[in-house]
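Visitor: Could you take me through a few details of this structure, one question at a time?

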Amino acid sequence: IQDSAVIQGWLRRLLAPTALLLLFLVGGGLAYRRANQQQASSDAEIRQLTAWQQAMLDGADYSIISTDVNGTIVSFNKAAQRLLGYRPAELVGRHTPEIFHDPKEVLERAAELSNTPGKTIAPGFEVFVAKARHGHIDEREWTYVGKDGSRVPVLLSVTAMTAPDGDVIGFLGIADDLSEQKAIRANLRDSEARYKTLFEHAGDAIFLIRDGRFVDCNPATLSLFACTREQIIGKTPDAFSPPTQPDRQASADKAREKLDAAVGGKPQFFEWRHRRLDGSTFDVEVTLNAVEIADQPHIQATVRDIGERKRNETELAQSRQALIERNNNLRLLNQLSQRLHGTLALEGILRETVVALEHRPHVAIYLLDEGKNELQLADNHGFDATLARLAARVPLRGSLSEQAFVKGELHATPDVTKDEHI
């Protein structure tokens, strides 16, 4: 009996701990299973959002490269691949951006940064991010050296990527190819040099004017004005000019004013619009100087065709405007990248993107459905209710959007109505 009582007491003492242990094991198993499910769901969401962010980077027309805080390349978008000729696998996790920079420029920039008293910057990755580490955007021209040795001038903007606590966790470099702008400037400089050489070798049209009429001219004049000597000698300057000049002043009055000033001993240099006998017009630079020939006062007029220069100036002005717009887009990308950094929620990414583009009259962001058959409107700005309803789903097949998706390239059209689905 005593043994039985001991056993019963021993069982009672073990029962509660055993039950608690079983409850802990069952609860722990369920918690572990739930945690695994949540982790799998979170991983899938992160992969989807990472793919979305990478698609945005690859769709940009700028070279976009990100690094970790030590300079090792972390991402390398498609525009960068086209510009430099490297595959991501050749650079990501293996090199810093120094590999495709001109070593001479890196040395010069290091020396420039080290001019500050008490500050020494060694040639290397730090020259690109020294300002960005302190919260500044470093924007300057560099020369990229491609894998094949080709040299490309770029405008590079470098910013620091920060964690929510403010710590720098990496850097973002966005580069714009300046090759076209540099070529236009070079062409303009070459054109000006050619004009100077032609002038020095009497390649320009040269007139002799007496009493307000042409009395002699050189062969270049006949070529420029597309006429014979007989057709030009004895005529006045306004006879080969339109009724009015670009400033709306009558050609006859303005020509008389310029000739009188030159006769009075004041050399004249001005732009003029001439007209050939066939009615075509062309712009020139005119130099008037008073000279004496056989004791008779004459005016020597040197006329230089500036049509090509005018066209180059117009192209350069347009190029400058385009560069300003591209720089604005570059800054927008910087701001958008900063705002999107660390954002994992798809709704947050869409909203931040639309907000950043609100200066545009109409903005629409579409997402490809799982079947890859149509685009679904995810967010928009500037759409009224009717347009948003009509454009809510856009079939992909046969559209410009399908071409962009299949080729993996940025497509633009001045008129979306040419896309049948839009």
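Guide: Two strands are taken as paired if DSSP finds at least two bridges between them. Please keep in mind that this is a predicted model.

Visitor: Which residue in S7 stands opposite Leu 208?

Guide: Strand S6 (residues 205-210) and strand S7 (residues 213-217) run antiparallel and are joined by four bridges. They form a hairpin with two residues between them, and Asp 211 in the turn has a positive phi of about 55 degrees. Across this pairing, the residue opposite Leu 208 is Asp 216.

Visitor: Is Asp 176 buried or exposed?

Guide: Asp 176 lies in strand S5 (residues 168-177), and, leaving aside neighbours within four places in sequence, its contacts include Tyr 62, Leu 323 and Arg 326. Buried means under 20% relative accessible area. Because the relative accessibility of Asp 176 is 1%, this residue counts as buried.

Visitor: How far apart are the closest N and O atoms of Arg 140 and Glu 112?

Guide: Glu 112, which is partly exposed at a relative accessible area of 43%, also meets the side chain of Arg 109 in a salt bridge (3.0 Å, N to O). Arg 109 and Glu 112 are three residues apart in helix H4 (residues 103-113), and therefore separated by about one helical turn. For the salt bridge between Arg 140 and Glu 112, the closest N and O atoms are apart by 3.9 Å.

Visitor: Which residue forms a salt bridge with Arg 273?

Guide: Arg 273 counts as partly exposed, at 30% relative accessibility. The closest N and O atoms of its salt bridge are 2.8 Å apart, and the partner is Asp 283.

Conventions: Residues are numbered from 1 along each chain as its sequence is written. This is a predicted model: local features need pLDDT of at least 70, side-chain atom pairs count only at pLDDT 80 or more; totals for chains, interfaces and linings use all residues. Side-chain values use heavy atoms; hydrogens and water are left out. Buried means under 20% relative accessible area, exposed over 50%, partly exposed in between (1.4 Å probe, protein chains only). Contact means heavy atoms within 4.5 Å. A salt bridge is a side-chain nitrogen of Lys or Arg within 4 Å of a carboxyl oxygen of Asp or Glu.
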